[in-house]
Amino acid sequence: ILLVGGLGACAGPSQSSRNLTPNYTSADGVANPTDVIASITPVAVKGIEISVPQSLTVSEANVMVPVTDIVWRGDPMGDRRPQVAAMFQAAAAQASAGLTEGRGVILSLEVTRFHALTEKARYLTGGNYAMHFLLTLRDAETGAVIDGPREVVADVRASGGVRAIAEDNAGRTEKVVVVERLTEVLQYELTHLVLAPPT
């Protein structure tokens, strides 16, 4: 019972936060999808900055749910911060690859939590990849902040037990799942922006 209770925070299904909920409403107070679509600001990503602060704590303890900011076992033992940064960099590059028309922006991501699974949790129960970060956009020409910083939550289910082993054998590793999810969330965030026009 204690084990199940302890896993509750990491094992439940979760959705990524969609922080750009449109605040446009029609005359009757109902959001008008047409207005929202017409107001979306296309952007061209001119640069990407990834930050994983040294202040974030890291745990290598092979327990079910370490109390820490960063848990990652999908790379060989080493400094986890650059490993996490590399995954965010790959996802941001993929998410922005086709965004070449529109307002030029610099995309900055600061990781605030990256809690994957320990070996014990992955091969016993599975759970949840908790991936939280601050997203900021700056004007590529002036450097002025035009969006954020705002928190984005990109949590996604993490397989465990036999299923996790099968996914690894099929090439769907933890890193593949993480980068895929981050790419999906970043693509959404970057293509549903409603920004004030340049002054």
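Helices (H or I, at least four residues) and strands (E, at least two) are taken here as DSSP runs, numbered from the N terminus. On that basis, the protein has six helices and six strands. What you're looking at is a predicted model, so local features need pLDDT of at least 70, side-chain atom pairs count only at pLDDT 80 or more, and totals for chains, interfaces and linings use all residues. Residues are numbered from 1 along each chain as its sequence is written, and side-chain values use heavy atoms, with hydrogens and water left out.

**The overall picture**

- Reading from the N terminus, the elements go α-α-β-β-α-β-α-β-β-β-α-α.
- Of the 199 residues in the protein, 44% are buried; that means under 20% relative accessible area, while exposed is over 50% and partly exposed is in between (1.4 Å probe, protein chains only).
- Take the contacts in the protein with a separation of 6 or more: 73% of them come from residues 24 or more positions apart. A contact here means heavy atoms within 4.5 Å.
- The accessible surface of the protein is about 10,200 Å², and carbon and sulfur atoms own 57% of that. These areas come from the Shrake-Rupley method with a 1.4 Å probe, and for residues only the protein chains shown count as cover.

**The nonpolar core**

- The largest nonpolar core has 40 residues, and Phe114 and Phe133 have the most contacts inside it. Such a core is a set of buried Ala, Val, Leu, Ile, Met, Phe, Trp, Tyr and Cys residues joined through side-chain atoms within 4.5 Å.
- Two or more residues of this core come from each of β1, α3 (80–96), β3 (103–115), β4 (127–139) and α6 (174–191).

**Salt bridges**

- There are 14 salt bridges in the structure, each being a side-chain nitrogen of Lys or Arg within 4 Å of a carboxyl oxygen of Asp or Glu.
- Glu119 pairs with Arg73, with the closest N and O atoms 3.2 Å apart. Glu119 sits in helix α4 (residues 119–124) and Arg73 in the loop between β2 (70–71) and α3, so this bridge ties together parts that are 46 residues apart in sequence.
- Glu119 is partly exposed at 36% relative accessible area, whereas Arg73 is buried at 13%.
- Glu189 bridges to Arg150, the closest N and O atoms being 3.0 Å apart. Glu189 belongs to helix α6 and Arg150 to strand β5 (residues 145–153), so parts that are 39 residues apart in sequence are tied together.
- Both Glu189 and Arg150 are buried.
- Through shared partners, salt bridges link Glu60, Arg73, Arg80 and Glu119 into one network.
- Asp79 forms a salt bridge with Arg81, and here the closest N and O atoms are 4.0 Å apart. Asp79 is partly exposed at 42% relative accessibility, and Arg81 is buried at 15%.

**Helix α6 and Glu174**

- Buried residues of α6 include Val177, Val178, Arg181, Leu182, Val185, Leu186 and Glu189. An α-helix has 3.6 residues a turn, so residues three or four places apart point the same way.
- Glu174 is found in α6 and is buried, with a relative accessible area of 7%.
- The Glu174 side chain makes a polar contact with the Tyr129 side chain at 3.1 Å. That term covers a pair of N or O atoms within 3.5 Å; within protein, one must be able to donate a hydrogen and the other to accept it, and residues adjacent in sequence count only if both atoms are side-chain atoms.
- Not counting residues up to four places away in sequence, Glu174 touches Trp72, Arg73, Gly74, Leu117, Arg122, Tyr129 and Asp168.

- Ala158 is in strand β6 (residues 156–158) and is buried at 4% relative accessible area.
- Beyond neighbours within four places in sequence, Ala158 is in contact with Leu117, Gly126, Gly127, Asn128 and Tyr129.
- Thr41 lies in the loop between α2 (33–39) and β1 (43–51) and counts as buried at 15% relative accessibility.
- With neighbours within four places in sequence set aside, Thr41 is in contact with Leu193, Val194 and Leu195.
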